[in-house]
Amino acid sequence: MAMPSREFLWDIFRSVDRDGSGAISANELQQALSNGSWTPFNPETVRLMIGMFDRNNTGQIDFNNFGALWKYVTDWQNCFRSFDRDNSGNIDQAELKQALVTFGYRLSDNIVNMLVRKFDRNGTGTILFDDFIQCSVVLSTLTNSFRQYDTDQDGVITIHYEQFLMMVFSAKM
């Protein structure tokens with residue numbers, strides 16, 4: 001999919017930047033995003049996305065970084081729709097397992113079930129769009145941290161407790 005024009009992105013940016021400050025805050029981004037369920041976008045997911053695209057460490061996104069954020073959300077939306085096979089607007093355990101396999105993960109049903117329970121904010125046994133993004137980003141971040149210690153790529157590491165704490169708490173989530 002081609003990147004939208006600069007004018008198109010500028011129009012969207014201006015509509016999201018409600019206070020006209022020239023930067024999008026987490027609150028403004030949360031109000032602009034939709035997970036398709038008429039509920040507010042998960043604030044934790046919004047915080048993760050702001051952190052990923054905030055190149056100036058201001059806690060906000062300026063127009064220069066907005067295009068990358070727009071593409072990121074659009075790509076995730078297309079990904080989510082491709083795995084939401086029944087078009088229910090959410091991802092159930094079987095759909096999440098298929099998504100994770102496609103992403104290259106080989107996880108047991110117990111772990112997939114745990115991920116659904118962890119990221120299901122509504123207690124329905126399914127994951128909404130915003131929680132799907134958060135689940136995927138957290139899983140990717142933890143996997144990358146694990147791989148730093150898994151030098152022989154066998155899926156097994158031996159670390160000390162403090163190394164474990166450093167690995168988890170230094171992961172950018």
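Start at Arg47, which is partly exposed, with a relative accessible area of 41%. This is a predicted model. Arg47 forms a salt bridge with Glu44, and their closest N and O atoms are 2.4 Å apart. Glu44 also counts as partly exposed, at 32% relative accessibility. Side chains of opposite charge can pair when their charged atoms come close.

Arg14 forms a salt bridge with Asp11, with 3.9 Å between the closest N and O atoms. Asp11 is partly exposed, at 45% relative accessibility.

Now look for a bridge between two helices. The side chains of Asp109 and Lys97 meet in a salt bridge of 2.9 Å, N to O. Asp109 belongs to helix H6 and Lys97 to helix H5, so the pair ties together parts that are 12 residues apart in sequence. Asp109 is partly exposed at 48%, and Lys97 is partly exposed at 27%. Elsewhere, Arg121, Asp130 and Asp131 are linked in a network of salt bridges. The whole structure has 6 salt bridges.

Next, turn to the nonpolar core. In soluble globular proteins, nonpolar side chains tend to be buried together. Here the largest nonpolar core has 40 residues. Leu29, Met49, Phe66, Leu69, Leu96, Phe132 and Ile133 have the most contacts inside it. H1, H3, H4, H5, H6 and H7 each supply at least two residues of this core. The largest share, 9 residues, comes from H4. Follow Leu29 for a moment. Beyond its neighbours within four places in sequence, Leu29 is in contact with Val16, Ile24, Val46, Met49, Ile50 and Leu69.

Of its 14 lining residues, Leu29, Ala32, Leu33, Trp70 and Val73 lie nearest its centre. H4 gives the most to this lining, with 6 residues. By class, the lining has 11 nonpolar, 3 polar and no charged residues.

Finally, visit the largest pocket, which holds about 660 Å³ of space. It is lined by 24 residues, and Tyr105, Leu107, Leu139, Leu142 and Thr143 are the closest to its centre. Helices H6, H7 and H8 each give two or more residues to the lining. H7 provides the largest share, 8 residues. This lining has 14 nonpolar, 5 polar and 5 charged residues.

How values were computed:
Residues numbered from 1 in each chain as written. Predicted model: local features only at pLDDT ≥ 70, side-chain atom pairs only at ≥ 80, totals over all residues. Heavy atoms only, no water. 1 Å grid on protein atoms, 1.4 Å probe; cavity = no way out; pocket = protein on both sides within 12 Å on 5 of 7 lines; lining within 4 Å. Points joined across faces, edges and corners; volume = space filled by probe spheres on them. Helix = DSSP H or I, 4+ residues; strand = E, 2+ residues; numbered from the N terminus. Nonpolar A, V, L, I, M, F, W, Y, C, P; charged D, E, K, R; others polar. Core = buried A, V, L, I, M, F, W, Y, C linked by side-chain atoms within 4.5 Å. Buried < 20%, exposed > 50% of the residue type's maximum accessible area, 1.4 Å probe, protein only. Contact = heavy atoms within 4.5 Å. Salt bridge = Lys/Arg side-chain N within 4 Å of Asp/Glu carboxyl O.
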